[in-house]
Amino acid sequence: AWGIHMTGGKTTVEGMTEIDVSGSKESKAVEVSGGELTLGGLKAKINVNAADAAALLAQNDGYISVGMDVQNPKAVMLDGHILAKDAASKIGVSLRGKDSYLKGYAYGDGKIAMWLRNGAAWYHEKQSAASPTGFTGSHLKHFSGSMGDIFQRDDKDITIDDFEGITNVFYEHDAAAPTHIKGGDIIIKKVLNSSIITLTTD
């Protein structure tokens, strides 16, 4: 089942879009396998227990842009993974304000850019009993933070090619072994400008 399934052309929705998708085999809120889709705001919920599930999925040379209007920002609430599957695919997502969040991974062979600002949160965690097939960790081509929060709740790493801004990363202690901190690494390949990342434990 799909909320939006696009194979070509260029489509823009300036207002808020709400999608709630079921489906036991496939459950995808937004899938773009060609062309360009721009959404002003998005509330996306999927069946995370479906065999093939994603909040945002770009394939081939598809491009998805969500929440990027800085003059008229809208909430972006994603319950599910972001997947830029193929090398030519791209996803840009801007999470702004305390009502905006991503619950899930951001991965694939394509390019993902994320903006996390003004209290928005990324909960890096599984959305079902098992991680997606072949998942080895999240990977962002570009990350820009301004007082946003990352909650690293998965044992797989988050890799960021270009990091800029100010961001907090929160880890949890293992209750069974209090000296052990749960969660994978944050790997940053390049830091732009005067950037700050703060790691905090509970």
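Lys-189 counts as exposed in this predicted model, at 60% relative accessibility, where exposed means over 50% relative accessible area, buried under 20% and partly exposed in between (1.4 Å probe, protein chains only). The side chain of Lys-189 meets that of Asp-161 in a salt bridge (3.7 Å, N to O), a term for a side-chain nitrogen of Lys or Arg within 4 Å of a carboxyl oxygen of Asp or Glu. Lys-189 belongs to strand S17 (residues 186-191) and Asp-161 to strand S15, so this pair ties together parts that are 28 residues apart in sequence. Strands (E, at least two residues) are DSSP runs, numbered from the N terminus. Asp-161 is buried, with a relative accessible area of 14%.

Residues are numbered from 1 along each chain as its sequence is written. Because the model is predicted, local features need pLDDT of at least 70 and side-chain atom pairs count only at pLDDT 80 or more, while totals for chains, interfaces and linings use all residues; side-chain values use heavy atoms, with hydrogens and water left out.

By the salt-bridge rule, the count comes to nine. Glu-172 takes part in a salt bridge with Lys-182, whose closest N and O atoms are 3.9 Å apart. Lys-182 lies in strand S16 (residues 177-182) and Glu-172 in strand S15, so the two connect parts that are 10 residues apart in sequence. Glu-172 also forms a salt bridge with Arg-153 (3.8 Å, N to O); Arg-153 is in the loop between strand S14 (138-152) and S15, 19 residues from Glu-172. Partly exposed positions are held by Glu-172 at 32% relative accessibility, Arg-153 at 39% and Lys-182 at 36%.

Strand S15 (residues 158-174) also contains Ile-166, which is partly exposed with a relative accessible area of 36%. In contrast, Trp-122 is buried, with a relative accessible area of 0%, and lies in strand S13 (residues 121-124). Trp-122 and Asn-60 are separated by 62 residues in sequence and by 26 Å in space, C-alpha to C-alpha.

Key:
Helices (H or I, at least four residues) and strands (E, at least two) are DSSP runs, numbered from the N terminus.
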